[in-house]
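Please walk me through this structure step by step, from its core and domains to the ligand and the backbone.

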Amino acid sequence: MLEMLIIGGGIHGVHLAHSLLQQTQMTHNDIRILDPHKELLHEWRRCVRNCGMKYLRSSSVHHIDIPAFSLRWYAALPENKKDTNFIPPKDRPSVELFNAHCQMVVDDHQLESLHIKGRALEIQNKVNYISVVTAEETINARFVLFAIGMGEQPLWPTWAVRLREMGVSVNHLFDPSFCFESYRADGPVAVIGGGVSGGHTSLRLIDKLNADVLWISRKEVSVSDFDFAPRWIGPRHMEEFCRSPIEQRRQQIVAARAKGSVPQDIKLAVDKAAALNQLTFITDEITDVKCQNGGALLIGRQGRYDCQKIVLATGFVEKRPGGDFINQAMNEFDLKTAACGFPVVTPSLQWHDRIFVTGPLSELQIGPVARNIVGARRSSSKITAAFKKK
Ligand SMILES: Cc1cc2nc3c(=O)[nH]c(=O)nc-3n(C[C@H](O)[C@H](O)[C@H](O)COP(=O)(O)OP(=O)(O)OC[C@H]3O[C@@H](n4cnc5c(N)ncnc54)[C@H](O)[C@@H]3O)c2cc1C
């Protein structure tokens, strides 16, 4: 029987598998990563590719390897040295470098050999162990780790669903079927959503497809170098967060996350494109739509906007990820959630004696950084510490 089955092979699942192998007694025989994609880190690569991001928003010490400076050491190797490897502030790595470093970690530590291709459909409490059922097999493990990200729940506004049903070209940047490489712009494209992926997508549509872009955001785009205020990375705010009653933590998370913001370099590039009349930035909320001449008329509170196609950069539905599988797990193990629907877990990230969580599911313990790469690193120190004690 396995010691640990990790459900989800994204940044979180892979970093946790690597940490458990390096920092506890577990060996390659003890761990498997269950993920439906053809290779590990598939969702990360797909999302980043689709929005054309060139640099991460996080610093060079946030990556999937163990030593904090691993990415910097990797970048300093003669074959990897490039002037374009990092940009300020905090040495943000290029996506090219970050992905190559991820591949190095996966290859050097044979992490792909842990990968079982499949989806967890059901989980059974066998008291002394857990069974996870996929379409192909039943996998038994003493412990299970839920490393399920937000990636499978892209947010579709209701007007966008209606417009798509009317036959207008509407795509969500993070839909599995959307591929920017084969996308064509044959008229003005409206990009909806004022965050970093909306900014990247607008610039990419201009650069690669020479499109006229209407970038529509509910509020003015603000500048923030990171997804959350950097003070959340250090211990001081976290101590206070962990002392707060569980029901207040959601408000603190919402307040701390810089939603709808972009880093300075993207803001400068967008302003430049606007000055060249390649992009029109509109602050408005779309409330209604009409289909006209194969394209769309978007009706907002402030005005009406013609476009041929629409790309949604509206992020993810803000609800607990994992869908029916997590609902069934909650019934089977009588798992506790807060009013916001997210797990109430111990400081070691245990939702149950045999179930650990990371990523968004660990948010009420890890805080506003839980979904990010630094969140994976923080989860791994807590989870590996729990196993070092066992
Ligand atoms: C465009 C973009 C840019 C980002 N940039 C940064 C950045 O610069 N810095 C930073 O710190 N963070 C960044 N993030 C945030 C975060 O680090 C990433 O979203 C990261 O990929 C999250 O990893 P994850 O492992 O939680 O989730 P995912 O990458 O979504 O992986 C979860 C995996 O679990 C699988 N899964 C789900 N349900 C099941 C099931 N029932 N059975 C089996 N498998 C299942 C999914 O298919 C998926 O493969 C960014 C996010 C996006 C979208």
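A nonpolar core is a set of buried Ala, Val, Leu, Ile, Met, Phe, Trp, Tyr and Cys residues joined through C-beta atoms within 7 Å, where a residue is buried if 20 or more other C-beta atoms lie within 10 Å of its own, exposed if 12 or fewer, and partly exposed in between, with C-beta atoms placed from the backbone. The model is predicted, so local features need pLDDT of at least 70 and side-chain atom pairs count only at pLDDT 80 or more, whereas totals for chains, interfaces and linings use all residues. Residues are numbered from 1 along each chain as its sequence is written.

The largest nonpolar core has 100 residues, and those with the most contacts inside it include Leu5, Ile6, Val144 and Leu145. Because domain 1 (2-152 + 318-389) and domain 2 (158-224 + 245-312) both give residues to this core, it lies between them; the domain bounds come from an automatic or database domain assignment. Leaving aside residues up to four places away in sequence, Leu145 touches Met4, Ile6, Ile7, Leu16, Phe356 and Thr358, contact being defined by C-beta atoms, placed from the backbone, that lie within 7 Å.

The centres of the two domains, taken over C-alpha atoms, are 29 Å apart, and 16 residues of domain 1 are in contact with 18 residues of domain 2. On the side of domain 1 that touches domain 2, the largest share, three residues, comes from helix 2; helices (H or I, at least four residues) and strands (E, at least two) are DSSP runs numbered from the N terminus.

Helix 2 (42-51) is also among the elements that each supply at least two residues of the shell around the ligand, and it gives the most to that shell, with six residues. Of the 37 residues around the ligand, Gly8, Gly10, Gly149, Gly151 and Asn372 come nearest, a residue being near if its C-beta atom, placed from the backbone, lies within 6 Å of the molecule or strand in question.

Some backbone details remain. Leu41, in the loop between strand 2 and helix 2, has a positive phi near 65 degrees although it is not glycine, and Leu41 is buried, with 23 other C-beta atoms within 10 Å. Val127, in the loop between strand 6 (122-125) and strand 7 (130-133), likewise has a positive phi, near 70 degrees, but Val127 is exposed, with 7 other C-beta atoms within 10 Å. Finally, a cis peptide bond with omega of about -5 degrees joins Pro88 and Pro89.

Terms used
Contact = placed C-beta atoms within 7 Å.
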